[in-house]
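Please read the points below with the model open beside them. They go from the chain as a whole to single residues.

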Amino acid sequence: MNLISSPYFSMLLNRSPSPPFHPSQGIRQGDPLSPFIFVLMAEGLSHHLHSASNSHSLKGISLHGQSPITHQWFVDDNMLFGYLSAQEAFAFKLLLNLFSDTFGTSINATKSQLFFFHTLILTQRNIAQILGFSIAKLPSKYLGAPLFDSAIKHTA
């Protein structure tokens, strides 16, 4: 927080520091510091997700016998992966709330979506209610790329 709440700033102009000045506003979307701060925040959340996985608070998902994964970062979006249970959803909710409280931000539930694969409707609804996110259907798009619920057929 010292990076963004210090009482004054100084900028380098032509390799020389400017006189210190006091900010009049906080950091807003589009500010050149925003991506840097996002990366710092994402690293903090990533650390908590890894810790929860190592302590078995989160199971994540395991593909092809590999170590389980709980999350991936893409540009400025986060994808969370979890085992289909209320316990796992509550663990994610706790970590997301901790993230929000720590960084003074909030998760945008209207932009957050849940994708399920071969899951009972009742289980989907319970998890969506716990997290407060909407249930999305495939096919869909992410960053302009199509997402499918089955393997893509390649033709020669």
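1. Two terms come up throughout: contact means heavy atoms within 4.5 Å, and helices (H or I, at least four residues) and strands (E, at least two) are DSSP runs numbered from the N terminus. This is a predicted model, in which local features need pLDDT of at least 70 and side-chain atom pairs count only at pLDDT 80 or more, while totals for chains, interfaces and linings use all residues. Residues are numbered from 1 along each chain as its sequence is written, and side-chain values use heavy atoms, with hydrogens and water left out.

2. The chain holds four helices and eight strands. Their order along the sequence is α-β-β-α-β-β-α-β-α-β-β-β. Taking contacts between residues at least 6 apart in sequence, 36% join residues at least 24 apart.

3. A residue is called buried under 20% relative accessible area, exposed over 50%, and partly exposed in between (1.4 Å probe, protein chains only). By that rule 22% of the 156 residues are buried. The accessible surface of the chain is about 11,900 Å², and carbon and sulfur atoms account for 59% of it; such areas come from the Shrake-Rupley method with a 1.4 Å probe, and for residues only the protein chains shown count as cover.

4. Helix α4 spans residues 121-131, and its buried residues are Q124, I127, A128, I130 and L131. Viewed down the helix axis, these fall within an arc of 160°, so they line one face of α4. The arc is taken from the directions from the helix axis to the C-beta atoms. Their cover includes α3, β5 (113-114) and β6 (134-135). On the face turned away from the buried side sit the exposed residues L122, R125 and Q129. Just after the helix, G132 has a positive phi of about 75°.

5. A nonpolar core is a set of buried Ala, Val, Leu, Ile, Met, Phe, Trp, Tyr and Cys residues joined through side-chain atoms within 4.5 Å. The largest one here has 19 residues, of which L49, L58, L114, I127 and L131 touch the most other members. The elements giving two or more residues to this core are α2 (34-54), α3 and α4, and α3 gives the most, with six. In soluble globular proteins, nonpolar side chains tend to be buried together.

6. Where does L58 make its contacts, beyond neighbours within four places in sequence? L58 touches L49, A52, S53, T70, E88, A91, F92 and L95.

7. F92 belongs to helix α3 (residues 86-103). Is F92 buried or exposed? Its relative accessible area is 6%, so F92 counts as buried. Setting aside neighbours within four places in sequence, F92 contacts L49, L58, T70, L80, F81, G82 and L131. F92 and I130 are 38 residues apart in sequence, and their C-alpha atoms are 9.5 Å apart.

8. L143 lies in the loop between β7 (140-142) and β8 (145-147). L143 is at 56% relative accessibility and therefore counts as exposed. Between the C-alpha atoms of L143 and D77 there are 9.6 Å, with 66 residues separating the two in sequence.

9. L13 lies in strand β1 (residues 12-13) and is partly exposed, at a relative accessible area of 48%. Together M11, L13 and F21 make a nonpolar surface patch of about 270 Å². Patches are made of residues with over 30% relative accessible area and no salt bridge; like charges are joined within 9 Å, and nonpolar side chains (Val, Leu, Ile, Met, Phe, Trp, Tyr) within 5 Å. A salt bridge is a side-chain nitrogen of Lys or Arg within 4 Å of a carboxyl oxygen of Asp or Glu.
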